Amino acid sequence: MMILVTGGAGYIGSHTVLALLDAGYQVLVLDNLANSSREAIHRVEQISGAEVAFVEGDVRDRALLGQLFADYDFSAVMHFAGLKAVGESVEKPLMYFDNNVGGSIHLLEAMKVAGVKRFVFSSSATVYGEPAEMPISERCPTARPTNPYGLSKLMVEQVMQELSVAEPDWQMAALRYFNPVGAHESGLIGEDPSDIPNNLVPYISKVAIGELVQLSVFGDDYNTPDGTGVRDYIHVLDLAQGHVDALRYLEKEAGLHVWNLGTGNGYSVLEMVAAFEVASGQAVPYQIVPRRAGDIATCYADSHKAATELGWRAERDLNAMMTDTWRWQSNNPKGYRG
Ligand code: NAD
Ligand code: UD1
């Protein structure tokens, strides 16, 4: 069975392509390389020994989508393509809504025309806003996210919701990721931010490799055990497996299904720094600075629904997340560029 993977050259997409190949699927990647490199696909081929069909193009290109659906008999679409920089989305909301929401709608339209109705969407825990309960289960109501990036994820979920009401035979999943980190254990693929990273673990690894001087810890006065923010970090390989398990489920069940993909454990910023230092043997100097606007104190998943319905649970611990991050970072100090 052939799966169209949009954004498959990116961080989570490339690891999921590997998991799909491993599960016996064929894959075609559509990516405009806005935030990724063709080299990631070569590396996926190197690890898997399989060929990965690749088309450089944009999910907003209706003609290209029409051609792809005419040329290939896709059984499903996994949609990772999107922009993800929270700060940039505040400055360029139109760009984010056009790419993330517009792109998703074009894709769903092309699927409808082709009669392909199985769709897995990369959503985010950001759709819960400032959650009323912790851990966060899928029953927790969504709330208006504080930035256009988060809002674009919620908007696409709402589009999927209305589509599933109008056409109940669609088989759709919104996977709400918590904080993906880590890399493939080969050290050949991983997260490769093109700019100064916004997210914690990529920032820590750039400090450890000596590219950045020190980490700024955003606040130590939260209501958490050590005062720093607590998040549910999940290994990207566990996340990738969650996509395969969701796809298998959709092959049997219609409707829109929502699953949290998290471990259920929360770690503070300072715990993350300490774990990275142990795994890498490198010092990670840091300073405490004021809180970052829009951050919440604590966020971790209730992941029982995915465990019960998909038989999925995260298997890799914090040490594996950090060891694999460091192997990728130290083997590829310049990411895919060097
Ligand atoms: P990424 O930037 O590494 O991957 C996204 C890929 O999509 C890139 O390869 C990029 O070139 C491609 N792309 C962007 N716009 C495109 C377009 N219009 N047409 C074709 N390709 C396009 O990001 P990632 O971390 O792998 O995230 C994948 C998805 O998961 C995104 O939708 C992201 O919003 C979502 N997500 C990520 C996180 C996270 O922490 N990384 C958390 C929650 C949700
Ligand atoms: C952020 C986004 C979220 C997005 C997610 C994945 C914000 C407000 N939220 O989530 O919408 O879905 O990334 O892309 O941007 N931290 C530091 N120093 C740093 C970086 C982070 O102390 O240099 C702290 C943060 O305050 C937080 C934790 O580390 O407590 C994790 O931060 P980050 O990796 O950016 O993820 P989120 O804020 O959870």
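This report walks through some helix contacts, strand pairings and single residues of the structure above. The model is a predicted one, and every value below is computed from it.

| Helix pair | Axes come within | Crossing angle | Handedness |
|---|---|---|---|
| Helix 1 (residues 11-22) and helix 8 (residues 236-250) | 8 Å | roughly 60° | right-handed |
| Helix 7 (residues 200-208) and helix 11 (residues 318-331) | 10 Å | roughly 55° | right-handed |

On the side of helix 1, the contact uses Tyr 11, Ile 12, His 15, Thr 16, Ala 19 and Leu 20. Helix 8 answers with Val 236, Leu 237, Leu 239, Ala 240, His 243, Val 244 and Leu 247. Sorted by class, this contact has ten nonpolar residues, three polar ones and no charged residues.

The axes of helix 7 and helix 11 cross at roughly 55°, and that makes helix 7 oblique to helix 11. Val 201, Ser 205, Lys 206 and Ala 208 form the helix 7 side of this contact, while Met 322, Thr 325, Trp 326 and Gln 329 form the side of helix 11. Here the classes come out as four nonpolar, three polar and one charged.

How many of the nine residues of helix 7 are buried? Nine of the nine are, so helix 7 is largely enclosed by the rest of the structure. The buried residues are Leu 200, Val 201, Pro 202, Tyr 203, Ile 204, Ser 205, Lys 206, Val 207 and Ala 208.

Helix 11 is one of several elements against which the buried residues of helix 7 pack. The others are strand 7 (179-181), strand 8 (215-218), strand 10 (233-235) and helix 9 (269-280). After helix 7 comes Gly 210, with a positive phi near 90°.

## Asp 245 in helix 8

Back in helix 8, we find Asp 245. Is Asp 245 buried or exposed? Asp 245 has a relative accessible area of 16%, so this residue counts as buried. Leaving out residues up to four places away in sequence, Asp 245 touches Leu 310 and Trp 312. Leu 310 lies 65 residues from Asp 245 along the chain, yet their C-alpha atoms are separated by 5.9 Å.

## Strands and their pairing

Strands of a sheet pair through backbone hydrogen bonds, and the pairing can be parallel or antiparallel. Strand 1 (residues 2-6) and strand 2 pair in the parallel sense, over five bridges. Within this pair, Val 5 has Val 29 of strand 2 as its bridge partner. Strand 2 (residues 26-31) is mostly covered, with five of its six residues buried.

Strand 4 (residues 74-79) holds Ser 75. The relative accessibility of Ser 75 is 18%, so Ser 75 counts as buried. Apart from neighbours within four places in sequence, its contacts are Met 1, Met 2, Ile 3, Val 116 and Arg 118.

Elsewhere, three strands form an open sheet of mixed pairing, in the order 12-9-14. Strand 12 (267-268) and strand 14 (298-299) are its edge strands, each pairing on one side only. Strand 9 (residues 230-231) pairs with strand 14 in the parallel sense, over two bridges. In that pairing, Val 230 stands opposite Thr 298 of strand 14.

Most residues other than glycine have a negative phi, and most peptide bonds are trans.

Leu 33 has a positive phi, near 60°. Where does Leu 33 sit? Leu 33 belongs to the loop between strand 2 and helix 2 (38-48).

The peptide bond from Met 134 to Pro 135 is cis, and its omega is near 0°. Pro 135 is part of the loop between strand 5 (118-124) and helix 6 (148-166).

Note on methods. Residues numbered from 1 in each chain as written. Chains lettered and ligands numbered in written order. Predicted model: local features only at pLDDT ≥ 70, side-chain atom pairs only at ≥ 80, totals over all residues. Heavy atoms only, no water. Axes fitted to C-alpha atoms, helices over the stretch in contact; angles between N-to-C directions. Helix = DSSP H or I, 4+ residues; strand = E, 2+ residues; numbered from the N terminus. Parallel < 35°, antiparallel > 145°, perpendicular 65-115°, else oblique. Left-handed = near helix turned anticlockwise from the far one by under 90°. Contact = heavy atoms within 4.5 Å. Nonpolar A, V, L, I, M, F, W, Y, C, P; charged D, E, K, R; others polar. Buried < 20%, exposed > 50% of the residue type's maximum accessible area, 1.4 Å probe, protein only. Pairing = 2+ DSSP bridges.
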